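Hello,

Here is the structure I promised to pass on to you. Have a look at it first, and then read my notes below.

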Amino acid sequence: QRKASIEKELEAKIQTNIAVMEDAVKARIESEIEEKVKRTYPELETTIRTNLQRAREEAMEKGRLNAEITRLTSALGVAEDQAASQSRMMAASMAENQEA
């Protein structure tokens with residue numbers, strides 16, 4: 001029984017070590033590919049950076065436009081409420097004048 005327990009523990013450690021080694025190899029390969037792409041296609045990195053910057057700027061502009069739309073929508077709602085209130089007051093005033 002103890003032998004089986006030790007074998008299980010060793011197997012778990014081996015699997016953990018294999019996973020760690022696989023991750024390390026994967027990271028090294030990705031790093032080497034990234035470096036090779038940078039050396040081989042420097043204009044690609046520039047294009048990617050330019051596109052990312054443009055996307056950030058567009059997102060900021062979209063945020064500003066959404067905020068402006070919200071502000072204008074709110075102002076429109078206030079103006080509509082005021083117009084409706086004035087319309088009711090004018091109608092009431094006209095009714096009073098007709099009664100008099």
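**How the two helices meet**

Please keep in mind that this is a predicted model. The axes of helix H1 (residues 2–40) and helix H2 (residues 42–99) come within 4 Å, and they cross at roughly 100°. An angle from 65 to 115 degrees counts as roughly perpendicular, and therefore H1 and H2 are described as roughly perpendicular to each other.

Which residues make the contact? On the H1 side they are Val37, Lys38, Arg39 and Thr40, and on the H2 side they are Pro42, Leu44 and Glu45. Sorted by class, the contact of H1 with H2 has 3 nonpolar residues, 1 polar residue and 3 charged residues.

In case you wonder why I gave you both an angle and a distance: two packed helices are described by the angle between their axes and the distance between the axes.

**The chain as a whole**

How many helices and strands does the protein chain have? There are 2 helices and 0 strands.

Next, the overall dimensions. A compact globule of 100 residues would have a radius of gyration near 13 Å, but this protein chain has 35 Å. Along the principal axes, the C-alpha atoms fill a box of roughly 110 × 55 × 10 Å.

As for the surface, 0% of the 100 residues count as buried. The accessible surface of the protein chain is about 9300 Å², and carbon and sulfur atoms account for 58% of that.

**One residue to look up**

Ala95 has a relative accessible area of 34%.

Enjoy exploring!

Best wishes

How values were computed. Residues are numbered from 1 along each chain as its sequence is written. This is a predicted model: local features need pLDDT of at least 70, side-chain atom pairs count only at pLDDT 80 or more; totals for chains, interfaces and linings use all residues. Side-chain values use heavy atoms; hydrogens and water are left out. Axes are lines fitted to C-alpha atoms, for helices over the stretch in contact, and angles run from 0 to 180 degrees between N-to-C directions. Angles under 35 degrees count as roughly parallel, over 145 as roughly antiparallel, 65 to 115 as roughly perpendicular and the rest as oblique. Contact means heavy atoms within 4.5 Å. Ala, Val, Leu, Ile, Met, Phe, Trp, Tyr, Cys and Pro count as nonpolar, Asp, Glu, Lys and Arg as charged, and the others, Gly among them, as polar. The radius of gyration is taken over C-alpha atoms; the globule rule is 2.2 Å times the number of residues to the power 0.38. Buried means under 20% relative accessible area, exposed over 50%, partly exposed in between (1.4 Å probe, protein chains only). Accessible areas come from the Shrake-Rupley method with a 1.4 Å probe; for residues, only the protein chains shown count as cover.
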